[in-house]
Amino acid sequence: MNWDAIGALSDAIGAVAVVITLLYLAIQIKEQTKETRLTATRDLSRDYRDVVESITADKEVFGLYLRALTEYENLPHEEKIRISLYFFRLFRVSELSYLHHINQKIESETIHFDTGQFRLTDVAKYPGARAWWERNRHSFSKDYRNYADRHILIVES
């Protein structure tokens with residue numbers, strides 16, 4: 001075997017090694033992307049659970065929540081601020097899930113983003129939630145506001 005043949009064989013082995021390395025990296029990136037999506041999905045699910053628990057864990061707070069759904073505008077100032085913080089958290093989790101969804105950063109099939117939107121559509125049927133949204137919608141991204149108006153609150157344009 002001469003040096004030219006040895007050089008060609010070395011080049012071929014090097015090319016195969018590069019292809020194997022690229023395949024390995026592609027598999028690793030795919031697995032990392034899947035793990036990242038699952039983590040984001042888990043985090044959003046936990047965030048929503050925490051928001052729901054914050055309202056249902058305390059009977060007094062839950063009573064305020066129920067009143068706010070129907071008579072938000074008539075609540076005393078302190079109660080309005082208190083429930084506003086809850087609504088803000090709820091809509092913020094919804095906004096984050098929306099942003100993750102449109103950027104394909106979550107497992108939408110697991111969260112059921114399109115069909116449930118964390119049941120926010122049920123909350124948005126009440127006049128108090130709608131009144132809160134009208135006062136505070138500016139606190140959310142333009143894309144989410146448009147989405148929420150069309151798909152959650154179903155505001156007529």
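Mentor: Of the 157 residues of the protein chain, 32% count as buried. The model is a predicted one: local features need pLDDT of at least 70, side-chain atom pairs count only at pLDDT 80 or more, and totals for chains, interfaces and linings use all residues. Residues are numbered from 1 along each chain as its sequence is written, and side-chain values use heavy atoms, with hydrogens and water left out.

Trainee: Why is Met 1 called exposed?

Mentor: Buried means under 20% relative accessible area, exposed over 50%, and partly exposed in between (1.4 Å probe, protein chains only). Met 1 has 79% relative accessibility, so it counts as exposed. Met 1 is found in the segment before α1 (3–56).

Trainee: Why does Leu 96 count as partly exposed?

Mentor: Leu 96, in helix α3, has a relative accessibility of 32% and therefore counts as partly exposed. Between the C-alpha atoms of Leu 96 and Asp 47 there are 10.0 Å in space, against 49 residues in sequence.

Trainee: What is counted as a helix, and how many does the protein chain have?

Mentor: Helices (H or I, at least four residues) and strands (E, at least two) are DSSP runs, numbered from the N terminus. The protein chain has eight helices and zero strands.

Trainee: Why are α2 and α3 called roughly perpendicular?

Mentor: Axes are lines fitted to C-alpha atoms, for helices over the stretch in contact, and angles run from 0 to 180 degrees between N-to-C directions. Angles under 35 degrees count as roughly parallel, over 145 as roughly antiparallel, 65 to 115 as roughly perpendicular and the rest as oblique. The axes of α2 and α3 come within 10 Å and cross at roughly 90 degrees; the two helices are therefore roughly perpendicular to each other. Residues making the contact (heavy atoms within 4.5 Å) include Leu 64 and Tyr 65 of α2 and Tyr 86 and Phe 87 of α3.
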